[in-house]
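Please look through the sequence and the structure before reading on.

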Amino acid sequence: MIRETIKQETIAAMKSGNKERTATLRLIQAKIKDRDIEQRTAKGEVDDDELVTDVLLKMAKQRKESIAMYRDGGRDELAAQEEAELQVIEEFLPRQMDEAETRAAIDQVKTDLDAADIKSMGKVMAELKARHGATLDMTRTSGWVKESLS
């Protein structure tokens, strides 16, 4: 389980005295705990690894957006800090599909759904997320889906 791996890595980081890594790992654990609390009132059970992966994906997306804003604002020291956090977060995420694999998945879904025009984009995106959710960068994927359906 990813959650256990994160706990073990936090302990290892504390023992080695790596304060930045420890802080990032604690931040991850706090976000996971927040999501656990949200899930108490939600309907239906969610797989633990799926829940943790979703939290990590959101955290990674936030870091990427922050890095871009800090770079645009000339705040390279803050961007470097966000990049360090992003690097730790990405250690626990599944390997992301590259462009060729993503385009192949898009073509497969288009064939399966018999999607031929831009009106089918929502269906194609929903199916891609259902099949490959954690391994796809949905931001880049949406552009490629739009391009392939045009």
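The account below moves from the overall architecture to the nonpolar cores, and then to the salt bridges.

**Overall architecture**

The structure is a predicted model. The protein contains 7 helices and 0 strands, and from the N terminus on its elements follow the order α-α-α-α-α-α-α. Along the principal axes, the C-alpha atoms occupy a box of roughly 55 × 45 × 25 Å. The protein has 150 residues, of which 31% count as buried. Among contacts with a separation of 6 or more, 58% are made by residues 24 or more positions apart.

The protein exposes about 9600 Å², and 50% of this area is supplied by carbon and sulfur atoms. Its charged side chains comprise 26 positive and 31 negative ones, and the centres of the two sets are 4 Å apart.

**Nonpolar cores**

The largest nonpolar core consists of 19 residues. Those with the most contacts inside this core are Ile6, Leu25, Ile28, Ile32, Val52, Leu56 and Phe92. At least two residues of the core come from each of helix H1 (2–16), helix H2 (19–41), helix H3 (48–72) and helix H4 (76–90). The most is given by H3, with 7 residues. Apart from this core lies another, of 13 residues, including Ile106, Val124, Met125 and Val145.

When its neighbours within four places in sequence are left aside, Ile28 is in contact with Ile6, Leu56, Met59, Val88 and Ile89.

A further residue of interest is Thr141, which is placed in helix H7 (residues 138–149). Is Thr141 buried or exposed? Its relative accessible area is 0%, so Thr141 is buried. Not counting residues up to four places away in sequence, Thr141 touches Thr102, Ile106, Met125, Leu128 and Leu136.

**Salt bridges**

How many salt bridges does a search of the whole structure find? The search finds 19 salt bridges.

| Salt bridge | Closest N and O atoms |
|---|---|
| Glu4 and Lys7 | 3.8 Å |
| Asp54 and Lys58 | 3.6 Å |
| Arg75 and Glu77 | 2.9 Å |

The pair Glu4 and Lys7 lies in helix H1; the two residues are 3 residues apart, so about one helical turn separates them. Glu4 counts as partly exposed because its relative accessibility is 37%. Lys7 also has 37% relative accessibility and therefore counts as partly exposed.

Asp54 and Lys58 are 4 residues apart in helix H3, which means that about one helical turn separates them. With 28% relative accessibility, Asp54 counts as partly exposed. Lys58, at 46% relative accessibility, counts as partly exposed. This pair also belongs to a network of salt bridges that links Arg35, Glu38, Asp54 and Lys58.

In the pair formed by Arg75 and Glu77, Arg75 has a relative accessible area of 42% and is therefore partly exposed. Glu77 is partly exposed as well, with a relative accessible area of 48%.

Definitions and conventions. Residues numbered from 1 in each chain as written. Predicted model: local features only at pLDDT ≥ 70, side-chain atom pairs only at ≥ 80, totals over all residues. Heavy atoms only, no water. Core = buried A, V, L, I, M, F, W, Y, C linked by side-chain atoms within 4.5 Å. Buried < 20%, exposed > 50% of the residue type's maximum accessible area, 1.4 Å probe, protein only. Contact = heavy atoms within 4.5 Å. Salt bridge = Lys/Arg side-chain N within 4 Å of Asp/Glu carboxyl O. Areas by Shrake-Rupley, 256 points an atom, 1.4 Å probe, with all protein chains shown as cover. Lys, Arg positive; Asp, Glu negative; His and termini not counted. Charge placed at Lys NZ, Arg CZ, Asp CG, Glu CD.
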